[in-house]
Amino acid sequence: MSAVVVLRENFAADRQGRTFSDVLNDPAQPLDEVLAFFSDGDRQRRMEESEVHHDRAALAGVIREFEAHPSIDAYFAAVHPVETKRLRQAVGVIVRMIMEQRGWQKTGRKGSMGVRAPAAEGQPLHNTGGLAFWFVRAERYELAEGMPFASVSQRCKRMADTSKAKPSKRS
């Protein structure tokens with residue numbers, strides 16, 4: 001599948017993206033770098049693989065590389081947490097736009113990305129553990145036609161249902 005390219009115009013026209021005019025119009029925010037990062041086909045494939053093969057949020061498939069991007073990391077480290085929240089939310093919108101165009105839909109569930117450090121005066125909000133340093137949660141997605149593999153919890157439920165239906169041989 002070819003890469004979904006998200007431009008400022010696409011983002012501004014999206015039903016959720018249009019609510020981020022503050023992010024779109026703030027030249028200090030690294031939105032162009034974020035859009036370029038997520039418009040890469042290999043990263044989009046890794047986002048899909050994160051959902052299919054690792055049972056993690058799509059963003060988990062690229063989060064370490066994303067947060068290691070120098071201008072993005074510098075922005076999150078230097079800017080007030082209230083302002084970075086808007087960019088983090090915009091990232092979620094960009095991921096949704098890409099995933100939907102690639103045949104995925106939101107599940108309404110969030111996947112953990114990290115464990116937030118206690119707030120400290122003069123320090124930006126970041127995590128102390130998990131996959132991500134700056135992101136706490138990310139939306140989960142599923143293929144519109146259904147997932148190719150059952151999750152562990154689905155398999156456990158199926159096994160429990162099967163064992164209730166069969167008499168035990170351990171008597």
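**Reading the model together**

Reply: Helices here are DSSP runs of H or I with at least four residues, strands are runs of E with at least two, and both are numbered from the N terminus. This is a predicted model, where local features need pLDDT of at least 70 and side-chain atom pairs count only at pLDDT 80 or more, while totals for chains, interfaces and linings use all residues. Residues are numbered from 1 along each chain as its sequence is written, and side-chain values use heavy atoms, leaving out hydrogens and water.

Me: Is Arg86 buried, exposed or partly exposed?

Reply: Buried means under 20% relative accessible area, exposed means over 50%, and partly exposed is in between (1.4 Å probe, protein chains only). Arg86 has a relative accessible area of 24%, so the residue counts as partly exposed.

Me: Which residues does Arg86 touch?

Reply: Contact means heavy atoms within 4.5 Å. Not counting residues up to four places away in sequence, Arg86 touches Thr19, Phe20, Asp22 and Val23.

Me: How do I describe two helices that meet?

Reply: Two packed helices are described by the angle between their axes and the distance between the axes. Axes are lines fitted to C-alpha atoms, for helices over the stretch in contact, with angles from 0 to 180 degrees between N-to-C directions. Here, the axes of α4 and α7 (residues 81-101) come within 11 Å and cross at roughly 85 degrees. Angles under 35 degrees count as roughly parallel, over 145 as roughly antiparallel, 65 to 115 as roughly perpendicular and the rest as oblique. The two helices α4 and α7 are therefore roughly perpendicular. On the α4 side the contact is made by Gln44, Met47, Glu48 and Glu51, and on the α7 side by Val95, Ile98 and Met99.

Me: Where does Glu51 sit, and is this residue buried or exposed?

Reply: Glu51 lies in α4, which covers residues 41-54. With a relative accessible area of 2%, Glu51 is buried. Beyond four places in sequence, its contacts include Arg56, Trp104 and Tyr141.

Me: What about aromatic rings?

Reply: Rings of Phe, Tyr and Trp (its six-membered ring) pair if their centres lie within 6.5 Å; planes under 30 degrees apart are stacked, over 60 edge-to-face, and the rest tilted. The count comes to 9 aromatic pairs. In one of them, Phe11 and Phe20 have ring centres 6.1 Å apart and planes at 45 degrees, so the pair is tilted. Phe11 is buried at 0% relative accessibility, and Phe20 is buried at 5%. Phe66 and Phe135 make an edge-to-face pair, 6.1 Å centre to centre with 65 degrees between the planes. That pair links distant parts of the chain, with Phe66 in α5 (residues 63-68) and Phe135 in the loop between β3 (127-130) and β4 (137-143), 69 residues apart. Both Phe66 and Phe135 are buried.

Me: Which residues of the largest nonpolar core touch the most other members?

Reply: In soluble globular proteins, nonpolar side chains tend to be buried together. A nonpolar core is a set of buried Ala, Val, Leu, Ile, Met, Phe, Trp, Tyr and Cys residues joined through side-chain atoms within 4.5 Å. The largest one has 41 residues, of which Phe11, Phe38, Leu59, Phe66, Val95, Met113 and Phe135 touch the most other members. The element that gives the most to this core is α7, with 9 residues.
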